[in-house]
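Subject: Structure handover

Hello,

Please find the structure below. My notes on what was found follow it.

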Amino acid sequence: MKKKYVYLICLLLIIGSVKAQFSAYNLMEYQYGKLPDNNEDSFSSIYDRFMLNYSLQKFKAGITLENFYSPIEDRNYTRLSQFKLQYKTKSFDIKAGHFYETIGRGLLLRSFEIPGAILEDLSYRSRHYFHKDIRGVSAKYRYKSFSLKVLYGNPLNYLFPPTFDDDLRRPDEVAAITTEYGFLNQTLGVSVMQLKNDSPETMYYNSLNLSGLLFSSVSYYAELAHNINKGNFLNLNDDGAYGFYLSLSSSFGNLGMSLELKEYNNFLIGSGINEPPALVKEHAYRLLNRSTHVLQPTNEKGYQLELFYSLSESSILTFNITRAENNFEQKYVFEEYFLEYSTGLADKHDLKLFIDYAKDPFKQEEKRITTGMNSQWMLTKTSGINLDYEYQNFKRFGSNVTNQLLSVGMTIKSKFSCNLILERSNDPFLLNDNESNRTWLGTNFNYKINSKHQIQLFAGNRRGGPACNSGICYEVLDFKGVELRISSRF
Amino acid sequence: MRIRKVFFITFLLLIAHGLYAQQISNFSYKDLNNSYQSFEELKGEKLTLIDFWASWCKPCKKAIKELNKISVDYQEKGVKVIGINCDGPRSVAKVKPLTKVLKIKYPILLDLDSELMKELNLSAFPSLIIVNDTGKILWIHEGFQSGDEVVIKNKIDKLLSL
C-alpha cells in the first residue's frame, strides 16, 4: 500500500517538474468606515478573492474563492464562486464551469470581468467582485478562416451579491451556436440563441454580422440582431425587437477616424445578459467619467464620431461627438462634444487640456461645460509631480450647479505614488438640508513591494456616483474611512 | 501519518515549483486586418514583450511610446513586442485608427473578452509581461509611469545577458 503512494508521489513529482504549473492571485481589501449619509456607525469589513490555477500542457483548471466579513451577519459569505476546466488545442477550445463569452459585439450576449473592481450595492451592502460570467459549457472549433462556437449556460446577474441563491443570481438559461467564415478580407458571422427563464415563452434570437476591409483602408463591422418571436428578421418597426450596430474606421496620414451608428429597440435580453455597444465616450477624466450617459437598449439610437490628429510625435488632438436619442413617450436627446489636446513638453513632461460641452435631459443637465487639465512634471528621470484640475458647470431647473476636482500627487516610477484628491460640489441632489456645498477630501498611497505584491491605502472621504471602467458603467458608493488593499501574485 | 506528511510536502513542492514556472499558452487572436495571428508566429527569437492595453487608458499611451522605441532598438537582439488590445465591444472601433495615429510599429491583436489577461490574473492597464522563446513568463509589470521605461530596459538587458 505504502509503495503505491510512493509511486504516485514520484509520478506527480515527475509530471509536476516537467510541465505542470500552479499560479495563484489574491486580492484582499479591508475597510473601516461608513457611507457618509448613513446612520450606521463606522465598522470594519474585509473582502478577499483567492484564485488558484493549474495547467498541464493543453489542460487547465482553476477555482476562485470569495469571502466577505463584516459585523452584520446577513451580508457575510464564503463562496467557491468560480471553477473552471479547459482543454485547448490549436483547433479546439472546450470549457466547463465558469467562463466568459461574447457573441459578436455583445448585442446578443456579453460576459465580462472588470479588473480589480469590487462592487457594493446600496440595498444589500455586501461586497463582491464585479464580473458577469456564464456557468455552463462551451466549445469552439477553428480551422483556417472558419470557426464554430456552441455554448450552454446561465449568465450571472451581478446586481445580486453572493449571499443570494443561484436561482436569483442566474435566472436565465441560454443555448447558442455561432459561426464565422472569412473570405477575401471579409468575415461573415451568423448566430442563433435560445433563452429560457421565468417568462412562459422561450425566446429565440439571431444575428448576422459582416466585417472586414473596404478599399484596403476602411475597416467596417455591421451587425443586425433580432428577436425571432417578435416578427421577421427585417421587422425594424416599433413593435419589433432588434439591435443594429455599424462601425467604420480609417486613417489618412496623421488623421484617424471612427464612426459608429446604433439603433436598439426592445432589446434588453433576459435580466440583462447582453451589452450592446453604448457609443458614448468612456472618459479618463473623473468628472466626465461620472457624467456618462447610460445606454437604454429598450429604445435608443444615435452615433459617435471620433477623430484623432497627430500634430507631432508627442502631440495628439482628439475630437469626439456623441448623440443618443431615446423615445419614451417623450423624446430625450443626449449630446456631447469633446476636444482634447495632449502633448509632451521638453521630451519629459506631459500635459493634457480638454473641454467638453453636453446636454443630458435624463439628468436634467443643460449646457453642461466641463474643462480641465491633467499634467505630470518630471523632477528627475524617474520621479515626478502630478497636478490635475477639472471644473464642471451646468444648469438644472434654472439653477447653476458646479463640480470641481483638484488632485495633487507624486510618483516614483510605478513603484510608489501618493495623491491628495479634493472635490467640491453644490449639486442639490447631493446636499443635505443645511448644506450649501459639500467637500470630499481623500488621499491615496500606492506601493509596489515587487512585481508580485502591491499595497494601496486610501484614507478620507471618497465621492461616489456612476463610474465607467473597461466599457461597463456601474454605481460606486460614497465612502468615509480607511481602506487597505493588498494584491499578491504567487 | 507519515504518508500524509509525505503527501503534504509533495503538494507544497509541486506548488512551489509551479509558481515560478508559469507558461503562456499559444494564443491566437485577430489582428487589425481581420486575420488570425498566433504567439508562435509573432514571438521573438529570445524574448517577447506582451503589452496589454486599451484605448481609454491614459498610461497605456505613454507606455506605447516607449515600447515603440524598444521594438526598434532591440529588434536585432532577438526581442519582439506584441500588443494585446483589450478594448472590448464598446470602443474596439477606435483601436485601428488610434494605432495608426500613434504609429505603433509592432503587431496589435484584439482580445475582445480580455481572455488572456484573465488567464494570467492581470488586474491593471497597461500590463507588460516578458516571456522567453518557449513562452515561459520571466517578468510581470503592472501599470506605467514615466521612469518605468528605464526599469523595463534594464530588465530586458539583464534577461538577454543570462
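In this predicted model, Asp133(A) and Arg170(A) form a salt bridge, with the closest N and O atoms 3.0 Å apart (a salt bridge is a side-chain nitrogen of Lys or Arg within 4 Å of a carboxyl oxygen of Asp or Glu). The pair links distant parts of the chain, 37 residues apart: Asp133(A) sits in the loop between β9 (127–132) and β10 (134–143) of chain A, and Arg170(A) in the loop between α2 (166–169) and β12 (173–183) of chain A. Helices (H or I, at least four residues) and strands (E, at least two) are DSSP runs, numbered from the N terminus. Over all chains the structure holds 38 salt bridges.

Conventions: residues are numbered from 1 along each chain as its sequence is written, and chains are lettered from A and ligands numbered from 1 in the order in which they are written. Local features need pLDDT of at least 70, side-chain atom pairs count only at pLDDT 80 or more, totals for chains, interfaces and linings use all residues, and side-chain values use heavy atoms, with hydrogens and water left out.

Interface. Chain B has 59 residues in contact with 88 residues of chain A (contact means heavy atoms within 4.5 Å). The area buried between the two chains is about 6,200 Å², and carbon and sulfur atoms give 55% of that; buried area is the accessible area (1.4 Å probe) that two parts lose on being put together, summed over both. Between chain B and chain A there are six salt bridges. Lys62(B) forms a salt bridge with Asp350(A), with 3.4 Å between the closest N and O atoms. On the side of chain B that touches chain A, the elements giving two or more residues include α1 (2–19), α3 and α6 (148–161) of chain B. The largest share of that side, 11 residues, comes from α1(B).

Second largest pocket. Its volume is about 940 Å³. The lining has 43 residues, and Ser314(A), Asp350(A), Lys62(B), Lys65(B) and Glu66(B) lie nearest the centre. Helix α3(B) gives the largest share of this lining, nine residues. By class, the lining divides into 12 nonpolar, 14 polar and 17 charged residues. Here Ala, Val, Leu, Ile, Met, Phe, Trp, Tyr, Cys and Pro count as nonpolar, Asp, Glu, Lys and Arg as charged, and the others, Gly among them, as polar.

Pockets and cavities come from a 1 Å grid over the protein atoms alone: a cavity is a set of points where a 1.4 Å probe fits but cannot get out, a pocket is an open set with protein on both sides within 12 Å along at least five of seven lines, and lining residues have an atom within 4 Å of a point. Grid points are joined across faces, edges and corners, and a volume is the space filled by probe spheres set on the points.

Cavities. There are eight of 30 Å³ or more. The second largest cavity holds about 250 Å³ of space. Of its 20 lining residues, Lys281(A), Glu282(A), Ser55(B), Trp56(B) and Lys61(B) lie nearest the centre. That lining divides into seven nonpolar, four polar and nine charged residues.

Backbone. Phe125(B) and Pro126(B) are joined by a cis peptide bond, with omega about -10°; Pro126(B) lies in the loop between α5 and β6 (127–132) of chain B. Leu279(A), a residue other than glycine, has a positive phi near 55°.

Regards
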